[in-house]
Structure formats: C-alpha cells, structure tokens
Amino acid sequence: MPALALLCRNSRAKRWIVWVAPPFVPYAPALLRHGIDLDRVLMVHPTSTKKDALWAVEQVLRSGSSIAVLAWLKDASDTVLRRLQLAAEEHDCWAVLFRPVEALQQSSPAALRVKLKGTVGKARVEIVKCRGKRPGIVDLKL
Amino acid sequence: MAGLPQYLSLSCGESPATLPTGVSSPRRAKQLWVAVSLRDCAVCPTASDQHPLTALAAHAYGLTSLVCVEEPDGLLLEVHGSLKLFGGIAAVKKKLAAELDRRRLSFDMCAAPTPYAALWLAREARADVLESSSLAGCLGALPLVATRWPDDIKLKLTEMGVQSVGDCLRLPRDGFARRIGAPYLHQLDQALGRQPDLRREIVVQPSLSGMIEFPAEITQTAALAAALQSIVTSLADDLRKRQRQVQNLCIVFHHARRPPTLCRLQLIEPAHEVRRLSDPLIARLERLVLPAPVIALGLDAGVPVAMRLEAVELFADGGRSGQVPVSPAALIESLRARFGAEGVYGLGWMSEHRPERVWIKLTERLLHGRARAARLPRVPNRPLWILPSPVPLAGGRFEPCRETVADEWRTNEPERIESGWWDGGDIRRDYYAVTTRCGQRLWVYQDCVTRSWYLHGIFG
C-alpha cells in the first residue's frame, strides 16, 4: 500500500492503478487512509475465463497508461508470465501477481517471488526468489 | 483623354508555354488558387449518388479550408495558406492529383492568383501562373470557350471577330458592358484580379454516416471486421479534416429478411483517431452474435463535437521502449469492449457513516469532471477489502469465541455505527476487528437490533 501511494504521488501524468480480478472490492476509505489517489484506481472484473484475466493484464501493461497492476491470477503458464514481465518492463509498470500457493511448484520468470503466511500477531514473508539475492524468510510483527 | 475609350492594359505576346513556373517573386499575390477542371463530368464513377465534385470537395478540405465548387466542372481551392505546410504548390497539386487519379477522374489542373484565371487556364490545360503581372498575358491567349460563357454570348463575340479572351480585353470597356453585359466584364476584371472575387465556400454536408453494401451475404466476422475497418477509416479521415470528434457510434447490420441488428458504442470521451474508434467496435463485433447473414453494414456517428486538442508532452513518457502510450481513456474502452461497462469501473468515495455507502462504483466520468472529495479529517481504521454485502456468520447465530478467534476482542471497545434513520437505511451496529486463529483479521459486527453477527470486511 505505501508503495502504491508513493507511485500516486510521484507520477505527474494520470496513469491508472489497475486491479484485475481482485477477490473482493477494495474499500475506498482504506485506500484513502493509505494515501492512494482514488481517481487513479481502476477495477477490472474479467467476465469468465481465466484467459480474460491474463488478456486484461497484458492490455493494461502494454497500454503504457497505467503505473501499477495488481492481478489475482488462478493459473498462468511460464511463457505467458514471461510475456507479461517483458511488457511490464517495457512500459515501466509495476506488476504484482497474486497466485495460489500451488503455483510455487511452478517455475516463474518473476524478479521477486514472495510467499506470505499470516499467523497471530505476525506475518511470515518467505522470499522464494529474488533476482541477484538469496532466498530467505522474514517475520514481520503486526 | 476623357473622351477616349478606356482600354484595359494588356501585356500581350508572352507565350504561356515559355512562362517559367514555380518562380517565387516578392510580388506574389496574397491568394493562390488551384483549379481542377473535370474533362468529362457526365461520367460519374463514384458509387454514391453524390456529384463527384462534392465528394472531391470533401477530400479537398484536407488541403485547405477554402474550397468552392464552380459548376459544372470546376473545383477551386485557395491554397496560399497551405503552401508552407505541404511544401509548395507542386506538392499540393501532387496530392490533389493522386486523389483524382484514385477516383479515376480525368482532369486538368492549374494554379493562378485569381479563381477565374485558375479555372480558365485549367480548362485549357495551361501552365501555372504564379505572378499577377503575367496573368493578363496568359489569360489573353485563352480561347473564348475557356470561359464557359453562354453560347449566345460566345456567338455574339465571334460575330464581332473576337476569338480569345485577349480580344475581349482589347475591346472598349463601356462598349463591352453595353453589348455583351456588365457581368461578363466584371468576370474579366475578377480574372485579372482588378475586382475582388468573393466566394462562398461550400459546406460539405456532415455525412457522418456511411453504408457498405455487400455483393453477397456475409457470414464471416473477419469480412465484417474488414468492412467495419474501412468504414471507420473513412469516418476518421472525415473527422480529422473537419476537426471534429464523435462520442457515440452505432453500427447497423442489415439482414436480408430480418430487422437490422444494432450495435451501439459509447466512448468515454470524444475521439477521432481510427484506432480509438475501430478497436472497440471490432472487439464488440467479435463477441456479437448475429441472427442472420449480413447484406449491408451501416455506420451512424451521431452529431460530432468540436475537437478538443490536448497538450501532449514533447518527450512522451512512453517507458523505455519510447512507444507512445495509449491514452487512459483508450485503455478503458478496450477493456470495456470485452468486459462491458459493469466489469470496468473506478472507485468513488462519499462522506457517509454507513460503511456500505461510503464507496460507490463509478462507471461514468472516470477521467474528467470528478469533484475531488475533501479528505476526511481522520479516516478511521478500515479493512482493505469490503464484502459486497455483509455475510451472516453461521446464519447470524455465530458469536466469535475462543476456539476461532485469537485475541481478547471483547475487551476492545466496539465502534458503534448508527446512522441512516432519515432515508430508511437505518443501521445500528457494533463493529469489531478480530483476529482468527490462522492470523486473518476480520471486520465483523453485531447488529444491535437482531443481535446477529455478520462479516463485513477483511483486513489485508
């Protein structure tokens, strides 16, 4: 959230923060509390197939008019992810994909892969992959 | 001197063929007209019933803003203001000639400082006259037929031994006006640039609708998409020339024995670019189920609005690739074309106590004109995710207990939200933030009236 707020503040031109297929609707007051400009938030709910979600993410990345994409993807193949990654790098767009735990078994071209696990009072951040660094585990107190 | 007939000055003897063309001189006229004369106007090769000149005039608006039609065969363009943009008279003529060739019209073209001069010279396929000083000489060599004056006038002049425009100019002015007619003298003066030639530019009908009829019934989407693309391209071309934009488009698919199928598209903001118009339409077409084969495709673009020009950055922020980014509106349109207006929306915020009414889906005015909500003085801690509607916990009888919930949530003061008695949406709720055994933080509430428990949000 703070990263999104920072992106909001730093970009002059109006560029979207796109949420593709989130599980619920983000609550506007919470976003405001974190300093996110609501005018930039764009929700996209793909209709049915999982291909639609991937298509939407790719459209958003390739358009160059968005600054960040948060997408909840059920499954995606390695090549598709690589394509998304290239599009994101090409158009300066921050892409975060939320994927189910089973996807950890699959290889991914992402620069950073993180597994989050929450327990009472703390959250365990398992860095599965980080380009140029070793994987590790960080515990965060909440 | 006063008794002598007043002659028109004439610098005869200079042959038009030897006249240098394309010479720029400091005494260049302020106006430069390009005349197009169609050799055979009876042939009408365009598919529409429009006169070829009118259709051509619509195209000529791409070259200049002042276009006149001179019946029956001529088209006049004032191009002095366009010379710099297109790179000289030769380039303007080349563009116009390319369009005429495309329409398979046989024509002659000539440029001159006055409309009549340009037209008469074009009719006789003479060379361009760019200087006013040599205008009289070039016009003088033209035969009378170039003027397209009525036959009886021409006959009368021929009987007088007048064969060319130059002969006309040699006649005494008052005698010419008396015997032939003052309007013709006036025309001669206008051709020579002695009298102003005020012309009314033609107004091309806003033909923002188009129609393509197919030779056979079409069943394939690809063929329809190609037809749609061509119809939208001509629309966009038209819009660009007239500096207009459209917001609503309606595509009509005509069937042989069924009422036509309509496909409406409303853009987020008015647009005129081909891709902005065609991409959403083609995406829509791909998802459209047509009840029958299509025999004709129509396009209605409604009333155009004046083009809104936007300042773009000189060094467009196109990322590392340097590509021009798609505008924010175009992104929404391409997404909406696939997911519908309900699937793509923004978030709005209202000053309201009831949690489910604080936020709204914004499907309109996503880009402009949104009143920026004044920031809350203090936004209370709210969950990141809100459920569309509160979910009763175990049918409303569930009460968070020690097995499922970790912290001593009861010791926290609940947040009482009580509001809405005035509009029928009365609520009285006690909200708690609870943490479950597996670490999830939930936003639950107890309805103070029914004493049931509901889940309303999840903290991220």
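Buried here means under 20% relative accessible area, exposed means over 50%, and partly exposed is whatever falls in between (1.4 Å probe, protein chains only). With that in hand, select B:Ala125: at a relative accessible area of 46%, B:Ala125 is partly exposed.

Some ground rules before we move on. This is a predicted model, where local features need pLDDT of at least 70 and side-chain atom pairs count only at pLDDT 80 or more, while totals for chains, interfaces and linings use all residues. Residues are numbered from 1 along each chain as its sequence is written, chains are lettered from A and ligands numbered from 1 in the order in which they are written, and side-chain values use heavy atoms, with hydrogens and water left out.

**Stop 1: two loop residues**

Stay on B:Ala125 and check the backbone: its phi is positive, about 55 degrees, although this residue is not a glycine. B:Ala125 sits in the loop between H4 and helix H5 (135-140) of chain B. Helices (H or I, at least four residues) and strands (E, at least two) are DSSP runs, numbered from the N terminus.

Now jump to A:Asp92, another non-glycine with a positive phi of about 55 degrees. Look for A:Asp92 in the loop between helix H4 (78-90) and strand E5 (94-98) of chain A. A:Asp92 counts as partly exposed, with 34% relative accessibility.

Of the 142 residues in chain A, 45% are buried.

**Stop 2: a crossing in chain B**

Select residues 115-123 (H4) and 182-192 (H9) of chain B; these helices pack at about 90 degrees with their axes 6 Å apart. Axes are lines fitted to C-alpha atoms, for helices over the stretch in contact, and angles run from 0 to 180 degrees between N-to-C directions. H4(B) and H9(B) are therefore roughly perpendicular; under 35 degrees counts as roughly parallel, over 145 as roughly antiparallel, 65 to 115 as roughly perpendicular and the rest as oblique.

Show side chains for B:Tyr116, B:Ala117 and B:Trp120 in H4(B), which meet B:Gln187, B:Leu188, B:Gln190 and B:Ala191 in H9(B). That contact of H4(B) with H9(B) has 5 nonpolar, 2 polar and no charged residues. Contact means heavy atoms within 4.5 Å; Ala, Val, Leu, Ile, Met, Phe, Trp, Tyr, Cys and Pro count as nonpolar, Asp, Glu, Lys and Arg as charged, and the others, Gly among them, as polar.

**Stop 3: aromatic rings**

Across all chains, a search of the whole structure turns up 12 aromatic pairs. Zoom in on B:Tyr116 and B:Trp120: their ring centres are 5.6 Å apart and their planes are at 35 degrees, so this pair is tilted. Rings of Phe, Tyr and Trp (its six-membered ring) pair if their centres lie within 6.5 Å; planes under 30 degrees apart count as stacked, over 60 as edge-to-face and the rest as tilted.

B:Tyr116 and B:Trp120 are 4 residues apart in helix H4 of chain B, and so about one helical turn separates them. Both B:Tyr116 and B:Trp120 are buried. For a cluster, select A:Tyr27, B:Tyr431, B:Trp443, B:Tyr445 and B:Tyr454, which ring pairs link together.

**Stop 4**

Where are the buried residues of helix H6 (residues 151-159) of chain B? Pick B:Ile153, B:Lys154 and B:Leu157. They span an arc of only 95 degrees around the axis, which puts them on the same side of H6(B); the arc is that of the directions from the helix axis to the C-beta atoms. These buried residues pack against helix H7 (165-170), helix H8 (173-179) and H9 of chain B.

After H6(B) comes B:Gly161, with a positive phi near 90 degrees.

**Stop 5**

Finish on B:Gln245 in strand E6 (residues 244-255) of chain B. B:Gln245 is buried, at 5% relative accessible area. Leaving out residues up to four places away in sequence, its contacts include B:Leu239, B:Pro270, B:His272 and B:Met307.
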